[in-house]
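I am opening a notebook on a structure that is new to me.

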Amino acid sequence: MVAIKAAEFAFPRMEAPDLDEMEEFLTHFGLVRAERTSDALYMRGADGHHHLHAVHKGGTKFIGFAYHAASEDDLKRLAKLPGASGIETLNEPGGGKRVRLKEPNGYQIEVIHGMSTVPATKVERDPVNTGSDPLRRKGRLMRLSKSPTMIQRIGHGVLSTPKVKETVTWFRETLGMIRSDDVYAGDKENVIGAFSRLDRGDEYVDHHVLFCVHNEKTGLNHVSYEAQDIDAVFQDHEHIKNVGKYEHMWGIGRHLLGSQVYDYWSDPWGRVHERWADTDRLNAANGGHLLSVEEGFQSQWGERPPERFIGHASP
Ligand SMILES: [Fe+2]
């Protein structure tokens, strides 16, 4: 039985020892300040959500993920689950109501309804000419806006866990996520990676909103955001590299599963943030697949992931 069908990924919540440094990183990354309090930082993108990232002054802990519910009734359903909090008023910028849950690795999962919205920012980008369609930009010159380009929206979260099956089952049953691709090693029962997307019926959604991947360690592998386009991924890669302060983790390349063009960077405390463009979008009728690690874990182009990325978990 599925408890609810979550509507959207909302934001990751984490701690940072220095909010100025965190804001500086996220600004180079393409997010903009939504609000800053004495002990928390909220960053937004170009879409209409109040924020897409929440950071609390503290240590280096990953606290968990938040999702938007489609209705307040969904919060009532979740509040009845074992271990769930009651419906709480969110006493922070953006507001709204929430229910807190714990997923099988102990991370907090918040499901929110009624967070305030802000006017979306329209980001103008020129169309790209292609070989078979060379006149998308007739008579117009390609002149890119300056970096950092604005992040459009949040994409997905990735959990490293020794309990892939238990974790993915929890998310699929609690938040109504559905299988896009499950990846096995050796025996077909041995699922070591599971890509799940939202179930919004006929509506098309990202190939995955959550990826659970096997690791001896438990933690956040990365959180991801959609850049404006492939040019934005490349030009901002150069921008972040030129800042000279941040560790590059992997990319640029194009994934096979999800198909997005990716670029991965660490924040000052090793939490990996991905910028991507051009993902596959599926609806519920597209179904899901089970495939081997040899078929599934490869890039369509780009270098193999380094060990420090594959084994990464920010607790
Ligand atoms: Fe990703």
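My entries on the sheet and the pockets follow.

I noted that the model is a predicted one. I looked up the strand order and found an open sheet of eight strands, β2-β3-β4-β1-β5-β8-β7-β6, with mixed pairing. The edges are β2 (32-36) and β6 (88-89), each of which pairs on one side only.

I checked β5 (residues 62-68) against β8 (residues 108-113): the two run parallel and are joined by five bridges. Tyr67 has Val111 in β8 as its bridge partner.

Entry three, helices on the sheet. I found helix α3 (residues 164-175) packed on the sheet, where it touches β5, β7 and β8. The direction of α3 makes about 20 degrees with that of β8. Helix α2 (residues 72-79) lies across β7 (97-102) and β8, at about 35 degrees to β7.

The lining has 26 residues, and Phe211, Trp250, Phe297, Pro305 and Phe309 are the closest to the centre. By class I have 14 nonpolar, 10 polar and two charged residues. Strand β13 gives the most to this lining, with three residues.

Glu8, Arg153, Leu198, Arg200 and Asp206 are the closest to the centre among the 14 lining residues. The lining counts six nonpolar, two polar and six charged residues. Strand β9 gives the most, with three residues.

Methods: Residues numbered from 1 in each chain as written. Predicted model: local features only at pLDDT ≥ 70, side-chain atom pairs only at ≥ 80, totals over all residues. Heavy atoms only, no water. Pairing = 2+ DSSP bridges. Helix = DSSP H or I, 4+ residues; strand = E, 2+ residues; numbered from the N terminus. Contact = heavy atoms within 4.5 Å. Axes fitted to C-alpha atoms, helices over the stretch in contact; angles between N-to-C directions. 1 Å grid on protein atoms, 1.4 Å probe; cavity = no way out; pocket = protein on both sides within 12 Å on 5 of 7 lines; lining within 4 Å. Nonpolar A, V, L, I, M, F, W, Y, C, P; charged D, E, K, R; others polar.
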